[in-house]
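Subject: The two-chain model we spoke about

Dear colleague,

Here is the structure I promised to pass on to you, and below it I have set out what I found when I went through it. Please keep it open beside you as you read.

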Amino acid sequence: MPLEPFKSSQPLTMGVELELQLVSLSDFDLTASSPDLLHLLSRKPFPGNVTPEITESMIEINSDVHTHHSELVAQLQVIRDTLVQAGEQLNIGICGGGTHPFQKWSDRRIFAKPRFKEVSELYGYLAKQFTIFGQHVHIGCASGDDALFLLHSLSRYVPHFIALSSSSPYVQGNDTLFNSARLNSVFAFPMSGRAPFTQSWSTFENEYFAKMEHTGVIKSMKDFYWDIRPKPEFGTIELRVCDTPLTVERAAALAVFLQALCRYLLERREEPPVEDDYLVYNYNRFQACRFGLDGTLVHPKTYESLSLREDILTTLRKMEPHGAALGGTAGLQHLVQVTHEGSDAHYLRQQFDRSGSAEGMVDAAIQRFRGE
Amino acid sequence: MPDLQVFMAELGWPLAIALAWLSGEFIHRWTRLPRISVYGLVGFLMAQAFPTALSSGASSTVTLLANLAFGLILFEFGYRINLHWLRINPWIAVSGLVESAATFGVVYLISHLTGMPPLTSLLLASLAMSTSPAGVLRVINEEDSSGQVTERVLHLVAINCVLAVFVFKVVVGFWVFQTSGSLTQAVSHSLIELLMSAVMGAMLGFIVPAVLRLLGAIAQDGTVAFAMGVVLLVALAHAFDVSPVLATLTFGLAARHSRVAFSRTERNFGGIGELLTVLLFVFAVSTLEWERVVAGAGLAVVLVLARFVVKAAAVAAFAHVGGISWRKGVLTGIALSPMLVFVTLLLEQTRYMGIVLVDELAALAAMTLLLEVVGPIITQRALIWANETAAKEEH
């Protein structure tokens with residue numbers, strides 16, 4: 001199937017997808033409850049969209065397309081309240097966080113559909129370990145060329161989003177010492193990583209995608225697990241590196257940060273992206289995953305060492321006029337606060353120390369998601 | 001060569017357990033039938049073949065071990081109950097109350113109509129209210145099921161067990177009052193006993209997590225500590241003549257809700273828990289006699305069917321308002337079938353008082369055997385039909 005044409009959409013519109021955990025309030029482990037929850041939710045109109053995911057202990061929600069932070073945050077809050085209320089009726093806790101801290105990957109139930117079975121056989125334990133929860137942010141682009149320009153220009157800011165959203169410090173009951181351990185599960189897949197360096201949509205379509213399809217390795221864009229990937233049918237680029245934050249407010253703030261960055265980058269005042277920007281890409285991404293806000297970056301153009309926290313603050317300050325123009329100042333301020341108080345991963349570790357157990361950590365995540 | 005009966009007297013229990021376990025493993029592998037059904041069947045057949053070898057007095061080691069096994073299961077059961085949910089979704093509790101009351105009423109009516117004395121009918125009706133927590137929990141763990149039917153069955157069983165213990169003790173108290181004429185004795189055998197068991201369980205439920213917290217090892221595993229707590233509690237309940245059922249259930253509930261600390265225990269308390277479960281299910285049927293089972297079979301089938309229909313209908317009636325589909329509601333009610341272990345141990349507690357209900361009531365013997373073997377299979381089917389079990393990988 002050839003790649004579909006890039007559908008032009010209104011620039012700088014945004015949409016958010018969140019993968020959420022379904023937790024049994026009896027033992028705080030993941031529970032395969034999405035069919036029951038979806039049944040109950042189907043009785044009333046849902047303020048947005050909710051869909052099942054590969055394992056039954058996970059659901060995905062997405063917002064409508066928005067231009068303003070306030071609308072986005074309001075819709076996400078209504079979605080959250082609807083979910084929380086339905087979950088309570090069924091003894092299901094709903095929470096964010098990039099990983100469930102103590103679920104055993106061997107316990108996860110893969111849907112009995114042939115496609116999931118194929119995936120499971122091909123990837124072995126990777127498929128089950130893929131019970132991870134991310135936030136995806138879509139930004140509307142006028143053209144495929146704009147999309148690819150933004151995609152490569154944003155590569156320098158990928159570590160910012162990883163550090164700000166990081167909420168997966170624990171895996172299989174142990175502290176990984178990473179702030180975003182979730183991304184390690186993504187990187188294990190062969191089609192993960194960065195998109196190839198092409199700046200025009202026709203080159204991407206005719207040279208890269210067509211060749212890759214010819215090799216038989218991939219069938220559609222869905223087979224690429226890139227950190228940022230174009231979504232031609234929506235006319236967007238999709239940032240996929242964020243852990244699902246513990247609150248919908250943070251999810252909205254991250255979306256607004258991306259929106260402001262894209263507005264800034266489209267003014268094309270920065271040096272244009274080049275292939276060599278990716279020399280430091282994996283290193284920077286590792287720093288952000290491992291150390292979060294305390295990580296150290298190498299600047300892709302100057303090769304200067306930067307504190308990630310400082311670099312985020314500098315960037316946020318630079319985004320102020322763009323945030324103001326888009327009505328997203330509150331969202332950017334929220335993120336400034338994160339650099340002071342620490343990420344969700346930091347919060348979760350605190351909760352572990354306070355309660356003494358991973359269950360206590362999940363309980364705290366559930367309370368935090370409710371906005372309490 | 002020694003006589004077979006003499007030989008069996010020495011080796012009766014170990015052999016019975018080993019045989020039950022082996023049969024359970026093989027038959028489960030071939031047919032996917034629940035292991036505990038097989039344990040019950042093998043136990044019953046062994047007990048018929050070698051009645052003296054598998055006898056057990058109220059204070060024998062086997063009875064004590066079975067009590068301990070049951071205590072461990074009840075603790076795990078209580079630990080999975082979320083009382084907060086019952087407050088948020090009151091329809092769970094309502095359906096629990098209604099299905100218990102309706103079962104009580106219907107079973108009483110039927111046995112009364114067949115000409116049974118009122119007291120016997122009352123005791124029978126109170127016992128029929130309960131679902132076996134051991135049977136249900138073992139099937140849920142064996143199938144690794146999760147979903148609304150699973151959750152609701154757990155919570156409904158907790159409700160109907162507590163109600164059954166309560167009603168049973170009150171009826172027994174009533175009986176003691178009638179025969180001995182002592183009101184204090186009647187009260188001490190019902191309400192005070194229940195209260196004491198609950199208080200004992202609750203206290204341990206606060207102490208054990210607190211100790212774990214002090215040890216600082218809770219992040220790892222609370223299995224041994226909680227098992228130790230159950231051992232203590234069962235012994236205490238025995239010593240003070242209170243209900244070990246309620247005490248261990250409260251222990252689990254309190255340990256979960258005290259929020260002193262969260263901690264995990266191994267499912268089924270690990271390998272030793274599994275071993276004790278085999279013993280428990282063999283023990284539970286070893287007291288039944290073939291003649292009585294046959295004699296009571298007719299009435300038992302009627303009662304079992306009535307109980308089945310009443311529970312399914314009563315739970316299903318509240319399915320929609322409770323937030324699940326009608327189908328899952330019916331399946332939840334159906335899954336409440338298992339009975340027995342609970343009954344037997346309740347009876348063990350009362351034997352010394354002169355009520356030897358199983359001996360008097362053939363229908364109960366047949367009913368419990370039927371539900372011991374068939375009940376878990378029905379629960380398992382209900383969970384499978386509800387799509388809540390882990391799909392077994394094909395080899």
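B:V310 is a residue of helix α14 (residues 290-317) of chain B, and since everything here comes from a predicted model, what I say about this valine describes the prediction. B:V310 counts as buried because 22 other C-beta atoms lie within 10 Å, where the cut-off for calling a residue buried is 20 or more. If one sets aside the neighbours within four places in sequence, B:V310 is in contact with B:E99, B:A102, B:T103 and B:V106. By contrast, B:F251 is 59 residues from B:V310 in sequence, and the two C-alpha atoms are 31 Å apart in space.

Helix α2 (residues 35-49) of chain B has 15 residues and spans 21 Å from its first C-alpha to its last, close to the 21 Å expected at 1.5 Å a residue. Of those 15 residues, 12 are buried, so α2(B) is largely enclosed by the rest of the structure; among the buried ones are B:Y39, B:G40, B:L41 and B:F44. Helix α6 (residues 118-129) of chain B has 12 residues and reaches 17 Å between its first and last C-alpha, which is close to the expected 16 Å. Here 9 of the 12 residues are buried, and therefore α6(B) too is largely enclosed by the rest of the structure. The buried residues of α6(B) include B:S121, B:L122, B:L123 and B:M129.

Turning to chain B as a whole, there are 19 helices and 0 strands, and buried residues make up 57% of its 395 residues. Among the contacts in chain B with a separation of 6 or more, 81% are between residues 24 or more positions apart.

Chain A has another make-up, with a secondary structure that comes to 15 helices and 13 strands. Buried residues account for 49% of the 372 residues in chain A, and 77% of its contacts with a separation of 6 or more are between residues 24 or more positions apart. The C-alpha atoms of chain A fill a box of roughly 55 × 45 × 40 Å along the principal axes. A compact globule with 372 residues would have a radius of gyration near 21 Å, and chain A, at 20 Å, agrees with that.

In β1(A), 10 of the 11 residues are buried, so the strand is largely enclosed by the rest of the structure. Strand β1(A) pairs in the antiparallel sense with strand β3 (residues 58-62) of chain A over 5 bridges, with strand β5 (residues 134-140) of chain A over 5 bridges, and with strand β4 (residues 92-95) of chain A over 4 bridges. You can trace these pairings through two residues: A:E17 has A:N62 as its bridge partner in β3(A) and stands opposite A:H136 in β5(A), while A:Q21 has A:M58 as its partner in β3(A) and A:C95 as its partner in β4(A).

Strand β3(A) is also joined by 4 bridges to strand β2 (residues 49-52) of chain A, and the two run antiparallel. Strands β2(A) and β3(A) form a hairpin with 5 residues between them, and within this pairing A:T51 has A:E60 as its bridge partner.

Which parts of the two chains meet? The contact takes 21 residues from chain B and 24 residues from chain A. On the side of chain B that touches chain A, α4 (83-88) and α8 (148-180) of chain B each supply at least two residues, and by class that side has 9 nonpolar, 9 polar and 3 charged residues.

With best wishes

How values were computed
Residues numbered from 1 in each chain as written. Chains lettered and ligands numbered in written order. Predicted model: local features only at pLDDT ≥ 70, side-chain atom pairs only at ≥ 80, totals over all residues. Contact = placed C-beta atoms within 7 Å. Nonpolar A, V, L, I, M, F, W, Y, C, P; charged D, E, K, R; others polar. Pairing = 2+ DSSP bridges. Rg over C-alpha atoms; globule rule 2.2 N^0.38 Å. Expected span 1.5 Å × (residues − 1).
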